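Colleague: I'd like to learn how to read a model like this one. Could you walk me through it?

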Amino acid sequence: MAIRTPALSPKTRRILTWVFGGAGALILAGFVALLIAVYTAKASLPSFEALKSSPNGQMIRVHAADGSVIVSLGPSYGEWIDYAKIPAPMRDAMVAIEDRRFRSHWGVDPVALVRIVKFAIDNQGTGRRLQGASTITQQVARTIFLSNKYDVGRKIREMVLALALERKFTKDQILELYLNKVYFGGGAYGIDAASRTFFGHPATNLTLSEAAVIAGLVKAPSRYSPTADAQAAIGRASVVLDVMVETGALTREEAATARPADVKLAAPAKQNSVRYFTDWALPQLEVLIDETVAPLDVWTTIDLKMQNLATQAIQANTPAGAQGALVSLDRDGAVRAMVGGRDYVSSIYNRATQAVRQPGSAFKLFVYLAALEAGHKVEDRVVDSPVTIKGWTPRNSSGRYAGEMTLRSAFAYSVNTIAAKLGEEVGFGTVADMARRFGITTPVNTQPAMVLGTSNVRLIDMTRAFASVSQKGVAVTPYAITRVTANGAVIYSHEVDTSRVLVAPYVAAQMTDLLQTAVNTGTGRAAQIGRPVAGKTGTTTSNKDGWFLGFSSGLTTGVWMGRDDAKRVGGLQGGTAPARAFAAFMKPAVANRPVEQFDTQVTLPEWQVEPDQEAYAEPDNGTYVDADGNPIARDESGYPGDTPPAAGGEGAEGDGRIDQDWIDRMTGRRPAPAPTATAPARPAPTPTAAAPPRGEPADRAPLRDPAREAPRQPQVIRPNE
């Protein structure tokens, strides 16, 4: 018995007609709109040659002072490889793993569309996004024209552009664009850059195994990078080979001959100390230029020979367990060398520009500049004697007072009490203002102890200050970038400003007089390099920091050493390891420069007119005091802190110990030593006041006027840091 289908009523027929007709009309309208969009997009597409030359991002090449490229940052582009020259295994591997229906679809894969719709329905509200649904053509559209933002609007634009690309270009052209522009990780865009980055040779020489590794990178460049995770890269390459067999690109036998695990990777580029410089210099581009798209060539001041010398000087002289940093400025402020640590690979922290540490007596530069500007002369006589300022009583690191001396002697031997008196005289605020005037950018306190360098500073700022003194008081501003070019056109050029005068030339000349005396006969003797040098040492409490800053022949160099955790470094003083590093760098660095004499000749401080053997002798192991003259507790080994000073080495001079032999003689417990060959016997001085009673501390003895004593016994002046 046949089943009869009920006839549709006229009304139902009309409704269905309207529904299907409307749907058909909408589909037709949508198809027409799509055609219009596609052909409009096609008409606006650049030519194939134009697409080949368009950048994927901004590449920055950094040049040294001699023009050589020292580092390339940002996207890396290899040579453009025409389709016919791309190895077949590379083409087949990419199509197999990324878009196996590439040769048959029109730019958008219908199967992939169905997968997108199903995925969207199944995962509605979960936030998950579909991976691997884009065709090669869609990826080209996204790479060249769109961002990686994931939303429906971008996906629709991507599809329209993909359809337009397929209408304008051939499949081979689209695949050529893709293989030369897609990102493979490690900053490499295109197969040639990837091949050179990972394997060290052009992409035209890629083997099947190497092609499989590169093809596997596109899905997740960071995850499958052979330099980051070799096993993950090998596993992904094996998947590529299996898919190539499935698609018929390879036979099973051919795939079996591939050995991704045997692929030899290129040695990674060495991250040497010049990266400290580039890391500091390149962020400055943000304020120098506005160009953010075109490839840039950045021409810098760094001298690679000096940079290597600086690296060697720091590595060879920095004490074990400590870090070292060095900055060297030319007379116009050009940074010629910058080392921010012993090893950039193990620590990218730049101690030359980022670390803030106490400078110790190196800060006395600003104290004496303020005093000289206030009218003092280097030959002025001052008295080294006890002083208390607002409850603070500084002492010399030797624990003794030498009486009357010249300002030159006080600076040469870094006498703390004299610095304190000068600071009180000119005003501690004036000293702070002088420091800021000379380029100190960190906060400077105005407590009395500030004259001994208790405010934290940066090495580059201190080096800048010394460079300004070397330039006769004209401000020196450190700079790294000389010019920037974009597509060959100069878009920035540095101009040196010599208009700011910080102090009068005669003040700078007198300061240089003091600084060269400190190097020739004072605390900085280890910094001598066989030509005129001016400089100053600095050491902080318990040997936590050591500094040396100085200049010669137009080059100013600052050195800092210490531990990042600010713990004590046994025997570290500004006049030892830092001064030696300074000399090790400066001597060859200025070797080809003319010898430049300073405005004033070296004048010996009065205490060293005649040899004083005792001043250089190693003191007995007595009481320890810090830079402020306060006692330092000793551990069971008899040394302050955790490491004893090196015998006869870095702890042998001016290390904060009070000489018991000197105390015994000054208190009458022991006679003066017999004359030596280097210190001829002289009649005993005629005292102008009675000697202190036996047992009374020597620092209470009445001050004597050395100028009235002729002849006199040589005074024992030990460097203070």
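This is a predicted model: local features need pLDDT of at least 70, side-chain atom pairs count only at pLDDT 80 or more; totals for chains, interfaces and linings use all residues.

Colleague: How do I read a sheet, and what is the strand order in the open sheet of five strands?

Modeller: Strands of a sheet pair through backbone hydrogen bonds, either parallel or antiparallel. Two strands count as paired if DSSP finds at least two bridges between them. Here the order is β8-β7-β15-β14-β13, with antiparallel pairing. β8 (335-339) and β13 are the edge strands, each pairing on one side only. Between β13 and β14 there are six bridges, and glycine 535 stands opposite glycine 550 in β14.

Colleague: Which helix lies across β7, β8, β13, β14 and β15?

Modeller: That's α19 (residues 459-470), running at about 30 degrees to β14. Axes are lines fitted to C-alpha atoms, for helices over the stretch in contact, and angles run from 0 to 180 degrees between N-to-C directions.

Colleague: At what angle do α15 and α20 pack?

Modeller: Helix α15 (residues 364-373) and helix α20 (residues 505-520) pack at about 135 degrees, their axes 10 Å apart. That makes α15 oblique to α20; angles under 35 degrees count as roughly parallel, over 145 as roughly antiparallel, 65 to 115 as roughly perpendicular and the rest as oblique. Contact means heavy atoms within 4.5 Å. Among the residues that meet are Leu365, Tyr368 and Leu369 in α15, and Val507, Gln510 and Met511 in α20.

Colleague: Is asparagine 543 buried or exposed?

Modeller: Buried means under 20% relative accessible area, exposed over 50%, partly exposed in between (1.4 Å probe, protein chains only). Asparagine 543 has 10% relative accessibility, so it counts as buried. This asparagine is found in the loop between β13 (534-539) and β14 (545-552). Leaving out residues up to four places away in sequence, asparagine 543 touches Arg568, Val569, Gly571, Leu572 and Gln573.

Colleague: And what share of the 721 residues is buried?

Modeller: Buried residues make up 51% of them.

Terms used
Residues are numbered from 1 along each chain as its sequence is written. Side-chain values use heavy atoms; hydrogens and water are left out. Helices (H or I, at least four residues) and strands (E, at least two) are DSSP runs, numbered from the N terminus.
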